[in-house]
Amino acid sequence: MTIDKSWTQIRKRSNSAVFWQGLQSFLQMAKPHVNDRGFIRCPCNRCINNVQHQLEVLETHIHQFGFMSDYNEWIYRGENVNAASSSNVPQPNSGVHDKDEMFEVLEDIISNDAEVDQLGSQSSNVQYDDLFAALNSELYPGVSSFSSLNFLVKLMHLKVMNKWTNKSFDELLKLLKLAFPKMDLVESHYEAKKLMTKMGLGYQSIHVCKNDCALFWNENSTSETCPVCSESRWKMQASRRTGKNVPHKVLRYFPLAPRLKRLFATSKTAKLMRWHRAGKSTDDNVMRHPVDGRAWKDFDRKHPIFADDVRNVRLGLAADGFNPFNNMSISYSMWPVVLTTYNLPPWLCMKPKYLMLSLLIPGPQSPGKDMDVFLRPLIEELKELWENGIDTRDAGNDRKVFKMRAALLWTVNDFPARSSLFRVEWTGLQSVSYL
């Protein structure tokens with residue numbers, strides 16, 4: 001029996017009943033050929049049979065990106081299996097390494113951002129076009145071990161770990177392009193940073209009132225003056241030369257939810273996020289992790305539904321001021337707010353790679369009792385994670401989606417920082433407080 005494949009050529013897919021019926025028939029045909037984990041090669045124009053997905057993701061990918069035009073014999077769905085070696089059948093692309101780790105990273109980002117409606121249609125996600133272009137291109141003709149995107153991510157990682165300046169990074173890119181003219185690589189650190197931001201590694205810049213009264217955020221995002229003291233939002237109005245207004249202060253906010261979801265994006269870290277349940281001490285007189293402490297056990301008794309899912313995240317918050325210029329003759333104090341994940345074992349939860357910078361509060365003075373103004377974006381997100389949770393794909397459980405919730409258990413700070421966080425008076429020479 002001849003299979004009707006004309007639906008694969010339809011371009012206007014969103015409202016096409018013919019395309020939708022053809023897609024459902026294709027999925028029924030593919031169903032018996034999934035592997036033991038429920039995955040099968042995806043023939044959309046992005047994955048081109050290089051990446052395996054579950055059928056639900058396959059459906060949204062084909063509807064969003066379209067069906068690859070030269071895949072005429074569906075050999076991975078049981079049609080004409082003997083033709084698998086035929087020269088006119090497109091095989092998985094050997095130009096880019098088929099085990100490139102960035103495939104799974106992008107899959108996780110897009111599957112989390114996708115909004116599928118009842119017809120199965122999906123938002124266009126055009127913001128990911130540059131990422132897919134870099135992912136599907138070889139770094140250099142004949143080099144299959146790295147995609148252009150994978151190489152750039154690793155290069156940016158080296159920059160951060162070794163504290164390269166932006167200028168030195170630009171010079172390195174110029175040297176690489178000079179030595180390897182055919183290398184598919186960005187031209188500057190600015191372009192690299194722009195691309196990385198699309199992977200959810202960016203931050204939000206939030207303008208702050210001159211007197212720390214309020215944030216120009218959410219309901220005040222378009223205001224030109226402070227809703228409390230009526231001070232102007234701008235230190236300097238736009239000039240003909242710059243064309244931009246300059247705010248008095250800028251708060252940098254690093255959203256928490258995307259980084260918590262990344263902890264479950266790989267099977268290794270997803271397994272580590274369950275450690276606190278299996279790794280706690282069996283001796284009541286031994287404490288090797290906060291899970292063995294009374295505060296943790298008391299929290300579990302008060303919130304049994306939260307404690308029931310081992311994957312729900314327990315957080316601690318630390319804040320303190322420092323001089324960013326390494327020059328004590330300059331009285332400038334900047335306050336980072338850092339979160340740590342206590343699901344992890346004790347030898348990891350305090351490692352720098354697992355400490356998450358959440359807020360970077362600008363100076364020049366300490367925020368003092370106005371700290372709550374700066375904490376507002378973080379508090380709003382923590383409330384959302386506590387009350388409603390967020391859909392997260394768990395790589396440690398066949399990439400199934402679960403509702404991840406998070407709770408802030410305590411803060412770790414000295415007494416001056418505590419007076420800012422909790423608006424309490426502080427006097428005397430006291431050290432560190434755990435609240």
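Ring pairs join Trp-7, Phe-19, Phe-26 and Phe-67 into a cluster; rings of Phe, Tyr and Trp (its six-membered ring) pair here if their centres lie within 6.5 Å, with planes under 30 degrees apart called stacked, over 60 edge-to-face and the rest tilted. This is a predicted model, so local features need pLDDT of at least 70 and side-chain atom pairs count only at pLDDT 80 or more, while totals for chains, interfaces and linings use all residues. Residues are numbered from 1 along each chain as its sequence is written, and side-chain values use heavy atoms, with hydrogens and water left out.

In total, the structure holds 12 aromatic pairs. One of them is Trp-275 with Trp-347, an edge-to-face pair at 5.7 Å centre to centre with 80° between the planes. Trp-275 sits in helix α10 (residues 275-278) and Trp-347 in the loop between β9 (335-341) and β10 (355-361), so this pair ties together parts that are 72 residues apart in sequence. Helices (H or I, at least four residues) and strands (E, at least two) are DSSP runs, numbered from the N terminus. Trp-275 counts as buried at 15% relative accessibility, whereas Trp-347, at 53%, counts as exposed; buried means under 20% relative accessible area, exposed over 50% and partly exposed in between (1.4 Å probe, protein chains only).

Rings also turn up with arginines over them. The charged end of Arg-311 sits over the ring of Phe-402, 3.9 Å from its centre, and Arg-405 lies over the face of Trp-386 at 4.7 Å from the ring centre. The rule for this asks for NZ of Lys or CZ of Arg within 6 Å of the ring centre and within 35 degrees of the ring normal.

As for salt bridges (a side-chain nitrogen of Lys or Arg within 4 Å of a carboxyl oxygen of Asp or Glu), the count comes to 9. Asp-212 pairs up with Lys-249, their closest N and O atoms being 2.7 Å apart. That bridge links distant parts of the chain, 37 residues apart: Asp-212 is in the loop between β3 (204-208) and β4 (215-216), and Lys-249 is in strand β7 (residues 249-253). Asp-212 is buried at 8% relative accessibility, and Lys-249 is buried at 11%.

Arg-274, Asp-309, Arg-311 and Asp-394 are linked in a salt-bridge network. Within this group, Asp-394 meets Arg-274 at 2.3 Å, N to O, and Arg-311 meets Asp-309 at 3.2 Å. Asp-394 is buried, with a relative accessible area of 0%, while Arg-274 is partly exposed at 22%.
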